[in-house]
Amino acid sequence: MKKILLFTMIICGFILKPNFLVYAEASDNPGIRIYDSDTLKLEGEFLPFIQNQPADFSLSVADLGGDGIDEILVGAGYGTKPLVKIFRANGSLINEFFAYDQNFTGGIEIFGADLDNDKKNEIITAAGRTGGPHIRIFDAYGQPKGNNGWMAFDDDYTAGIKIAIGDINKDNKNEIIVSRVYDLPKAQIKIFDSAGEDLKKDFYLDKFNGSLNLNITTADLGGDGQAELLINGGYNLSPEVYLYRQDGSLIGSSNVFDQNFHGGVNLASADLNNDGRDEIVAGAGFTGGAHVKILDGYGKLIKEFFAYDSDFNGGVKIAVGQLDKDPALEIITAPAKIAQEKESGKYIKVDAGKTQTLYAYDDGFLIRDFKISSGLSGSPTPLGQFSVYRKRPLVNMGMYYGPNNTANYNLPNVPWVASFKGPYTIHGTYWHHNFGHPMSHGCVNMYTPDAKWIYDWVDIGTPVTTYK
């Protein structure tokens with residue numbers, strides 16, 4: 001048996017290697033770009049969505065025709081209809097279809113892999129946030145395979161899931177690895193076979209407590225036919241990438257970008273030099289520019305380049321595939337996020353009107369949005385521009401209007417309280433779950449795990465704008 005490579009070399013900071021550092025031409029609206037993995041030469045570029053481009057579309061590749069040439073898969077991002085698009089390397093559209101009901105706008109995670117060993121890849125999708133943890137499998141024509149898919153977790157879980165595909169138990173079949181993140185104390189991993197059967201090999205990742213967007217892929221770093229799991233915690237956590245076995249045991253870790261960078265790391269893997277072992281391709285997440293690194297199984301830097309203009313700081317997503325007859329594989333990039341506003345720093349906007357939604361932005365990029373409950377008509381949430389001036393993990397809240405007054409209330413230990421104007425706060429809520437409707441005495445009620453994320457994320461002085 002070949003020895004598994006230990007992923008232990010720590011790489012901190014940007015290591016300049018002029019022979020391998022490339023700046024692509026500027027683009028006002030970054031799209032998909034294709035690079036030769038050997039020379040890092042830009043081979044092509046196209047926009048998958050001409051109008052209303054989703055800010056966080058997903059990216060993968062798949063050999064749908066069984067001819068050895070991969071097609072490029074794109075799954076629409078949050079806020080748009082659940083459209084899957086299939087492109088040739090030249091940007092021409094082959095096909096498109098809806099993976100879920102057209103009313104669903106939570107975004108799609110997408111992956112291409114051969115699940116039935118017929119030498120043709122299937123398209124695997126996972127519903128994004130606000131949708132159930134629904135996984136579906138489609139053929140090259142966008143027709144569902146098997147049944148209507150399955151729920152990877154309880155139906156009431158709606159925070160979104162991520163998927164990765166690989167043979168992690170060395171049975172010559174691909175498994176589907178699913179991560180449940182964000183609203184759990186620990187990130188949860190489940191493993192399914194290609195038919196959707198739960199293999200009952202769940203494990204939890206203590207190191208990703210509070211992760212917003214777990215990034216996960218598989219890689220056969222040892223060249224023994226058994227893939228390992230590469231996982232990074234995503235936005236607001238360190239750039240450390242952890243290497244796990246399929247039973248959840250940790251092999252090693254490495255900081256693939258500067259240790260002070262907290263924008264997340266997007267991951268892909270492939271055998272780029274034909275030595276029988278996968279290399280790791282890492283793209284910096286949001287705020288990290290379009291910095292792409294190619295590393296060996298020890299975490300040692302091989303090459304690096306910038307996929308977009310050096311001023312672009314939305315991060316970059318990565319896929320690797322065989323898009324032409326050239327022996328060298330191609331690295332396919334997409335913007336991780338696209339700026340929606342021209343503002344700097346962290347700030348919050350609260351729609352206390354129709355949508356009942358809190359929006360968290362960073363440098364004009366929408367990072368996260370949450371359903372809330374603002375004030376009732378008799379006790380409205382104040383409207384205007386404010387800022388967070390105090391944070392407290394627990395607060396006793398109450399009001400006494402007189403004997404037997406139905407408006408009296410006493411709420412001990414209200415969690416994750418961020419004050420923005422006098423007594424008005426953003427806080428967790430344990431006494432109701434009717435978010436999306438006015439319910440409060442003027443505060444911004446949030447689902448408690450959502451409030452915890454906001455509490456950890458905001459700083460004293462973070463602007464808060466409330467409006468209708």
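These legends describe an overview and several close-up views of one predicted protein model.

Overview. Helices (H or I, at least four residues) and strands (E, at least two) are DSSP runs, numbered from the N terminus. The C-alpha trace spans about 80 × 50 × 45 Å along its principal axes. Of the 468 residues, 57% are buried. Buried means under 20% relative accessible area, exposed means over 50%, and partly exposed lies in between (1.4 Å probe, protein chains only). Residues are numbered from 1 along each chain as its sequence is written. Local features need pLDDT of at least 70, side-chain atom pairs count only at pLDDT 80 or more, totals for chains, interfaces and linings use all residues, and side-chain values use heavy atoms, with hydrogens and water left out.

**View 1. Residues 1-27 have pLDDT under 50.** pLDDT is the predictor's confidence in each residue, from 0 to 100. Across the protein, the mean pLDDT is 87. A value of 70 or more is reached by 90% of the residues. For residues 1-27, the model has 93 contacts beyond four places in sequence. Contact means heavy atoms within 4.5 Å. Where pLDDT is low, the predicted coordinates should not be read in detail.

**View 2. I454 sits in helix α1.** This helix covers residues 448-457. I454 counts as buried, at 1% relative accessibility. Neighbours within four places in sequence aside, I454 contacts I348, L358, A360, F370, I426 and M446. T125 is 329 residues from I454 along the chain. The C-alpha atoms of these two residues are 29 Å apart.

**View 3. A227 belongs to the loop between β15 and β16.** Strand β15 covers 215-219, and β16 covers 228-232. A227 is buried, with a relative accessible area of 10%. Setting aside neighbours within four places in sequence, A227 is in contact with D167, I168, T218, A219 and D220. I94 is 133 residues from A227 along the chain, and their C-alpha atoms are separated by 31 Å.

**View 4. D114 lies in the loop between β7 and β8.** Strand β7 covers 108-113, and β8 covers 122-127. D114 is buried, with a relative accessible area of 15%. Residues up to four places away in sequence are not counted here: D114 touches K119, K120, N121, E122 and N174. D63 is 51 residues away from D114 along the chain. The C-alpha atoms of D114 and D63 are separated by 8.4 Å.

**View 5. N413 and W416 both lie in strand β30.** The strand covers residues 409-421. Phi of N413 is near 55°, a positive value in a residue other than glycine. Phi of W416 is also near 55°, again positive in a residue other than glycine. N413 is partly exposed, with a relative accessible area of 45%. W416 is partly exposed too, with a relative accessible area of 23%.
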